[in-house]
Amino acid sequence: MSIELRHLRYFLAVADTLHFGRAAERLGMSQPPLSQQIRQLETLLGARLFLRANRRVELTEAGRVLQEQATAVLERMDKAVDLTQRAQRGETGELRIGLTRATPLSTQIPRAIFAYRQQFPQVQLKLREMNTLQQIDALMAGELDVGLIRKRALPAPLMSRKLFSDPLALVVHDQHPLVRALPADASVALRLFAHEPFVGFLREVGAGIHDHFIALCRSAGFTPRIIQEAGEASTLISLAASGLGVTVLPASCSHIQVDGARFVALSDRAASSEVHVACRRGTASPLIAHFTQLLQGQAHG
């Protein structure tokens with residue numbers, strides 16, 4: 001027979017009260033079985049833990065040592081149980097999240113991350129800026145738990161859910177002949193700009209937007225003449241404001257204010273980019289489940 005945690009709990013009840021009757025009452029048991037358990041513990045340890053004389057109970061030196069050590073063992077066990085249960089509930093741990101450069105500009109994403117941090121402060125969030133294709137590779141390799149990506153076909157081990165649609169807009173110099181007379185809420189067809197020079201995202205930086213932009217132009221009947229590429233939405237807006245070319249960006253990028261730039265809604269049917277939350281199929285992590293639920297709540301709130 002080996003020493004079990006129950007032995008330590010029984011021992012500490014007696015050590016704390018120095019009274020077998022009160023200890024038995026605290027434990028919800030009768031005194032004879034408690035005395036038997038203490039004798040069994042003393043036999044297993046090969047040490048006398050209590051002195052019993054004249055209805056008084058005192059700890060021996062060995063008993064005092066065990067009291068200190070048993071208290072530490074049970075505290076560590078209680079902490080281990082608590083941490084394990086909190087991890088099971090998704091209240092502790094680490095969550096690795098992938099973000100494209102433009103998705104944080106959508107108000108739903110920062111709100112969801114803030115709400116998650118408020119609700120689960122013990123969970124460490126690790127945010128990584130990656131384009132959609134890089135996030136897919138990282139999810140496949142187990143290097144990310146969740147990806148916030150632009151909609152595209154996924155490998156079989158991955159799944160995604162739509163969060164929201166982010167309308168695409170044309171960004172041009174505000175004095176461009178085709179837009180300067182338009183009212184603020186007007187929309188234009190992309191084909192009207194078929195002969196304009198374009199500036200766009202580097203594909204290795206913004207694969208989702210880049211590929212969607214190319215497909216949108218082809219649907220409008222032309223192949224865009226891209227004269228300059230950049231890795232930041234702010235740079236592309238500045239290039240459009242300088243009159244160097246026009247660009248297509250998510251409307252959420254209009255938060256970036258650049259003098260001389262104008263965002264104009266596109267009337268093309270496919271001029272909307274779906275933002276999805278992606279993860280591996282069959283993932284049972286409560287961390288992922290909680291984060292996904294908050295994202296969807298913000299997207300539909």
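A residue counts as partly exposed when its relative accessible area lies between the buried limit, under 20%, and the exposed limit, over 50%. Asp 211 has a relative accessible area of 21%, so Asp 211 is partly exposed. The structure is a predicted model.

- Helix H1 spans residues 5–17, and helix H2 spans residues 20–27.
- Their axes come within 8 Å of each other.
- The two axes cross at roughly 130°.
- The crossing of H1 and H2 is right-handed.
- On the H1 side, the contact is made by Arg 9, Tyr 10, Ala 13, Val 14, Asp 16 and Thr 17.
- On the H2 side, Phe 20, Arg 22, Ala 23, Arg 26 and Leu 27 take part.
- Sorted by type, the residues of this contact are six nonpolar, one polar and four charged.

**Salt bridges: the total and a network**

- How many salt bridges does a search of the whole structure find? The search finds 15.
- Arg 101, Glu 129 and Glu 232 are linked in a network of salt bridges.

**Salt bridge Arg 6 with Glu 4**

- Arg 6 pairs with Glu 4, and their closest N and O atoms are 2.8 Å apart.
- Arg 6 has a relative accessible area of 29%, so Arg 6 is partly exposed.
- Glu 4 is also partly exposed, because its relative accessible area is 37%.

**Salt bridge Asp 166 with Arg 150**

- The side chains of Asp 166 and Arg 150 meet in a salt bridge, at 3.6 Å from N to O.
- Asp 166 lies in strand S6 (residues 158–173), and Arg 150 lies in strand S5 (residues 146–150).
- The pair therefore ties together parts that are 16 residues apart in sequence.
- Are these two residues buried or exposed? Asp 166 is buried, and so is Arg 150.

**Salt bridge Arg 152 with Asp 211**

- The side chains of Arg 152 and Asp 211 meet in a salt bridge, with 3.2 Å from N to O.
- Where do the two partners lie? Arg 152 lies in the loop between S5 and S6, and Asp 211 lies in helix H7 (residues 207–219).
- The pair therefore ties together parts that are 59 residues apart in sequence.
- Arg 152 counts as partly exposed because its relative accessibility is 27%.

Methods: Residues are numbered from 1 along each chain as its sequence is written. This is a predicted model: local features need pLDDT of at least 70, side-chain atom pairs count only at pLDDT 80 or more; totals for chains, interfaces and linings use all residues. Side-chain values use heavy atoms; hydrogens and water are left out. Axes are lines fitted to C-alpha atoms, for helices over the stretch in contact, and angles run from 0 to 180 degrees between N-to-C directions. Helices (H or I, at least four residues) and strands (E, at least two) are DSSP runs, numbered from the N terminus. A crossing is left-handed if the near helix is turned anticlockwise from the far one by less than a right angle, and right-handed if clockwise. Contact means heavy atoms within 4.5 Å. Ala, Val, Leu, Ile, Met, Phe, Trp, Tyr, Cys and Pro count as nonpolar, Asp, Glu, Lys and Arg as charged, and the others, Gly among them, as polar. A salt bridge is a side-chain nitrogen of Lys or Arg within 4 Å of a carboxyl oxygen of Asp or Glu. Buried means under 20% relative accessible area, exposed over 50%, partly exposed in between (1.4 Å probe, protein chains only).
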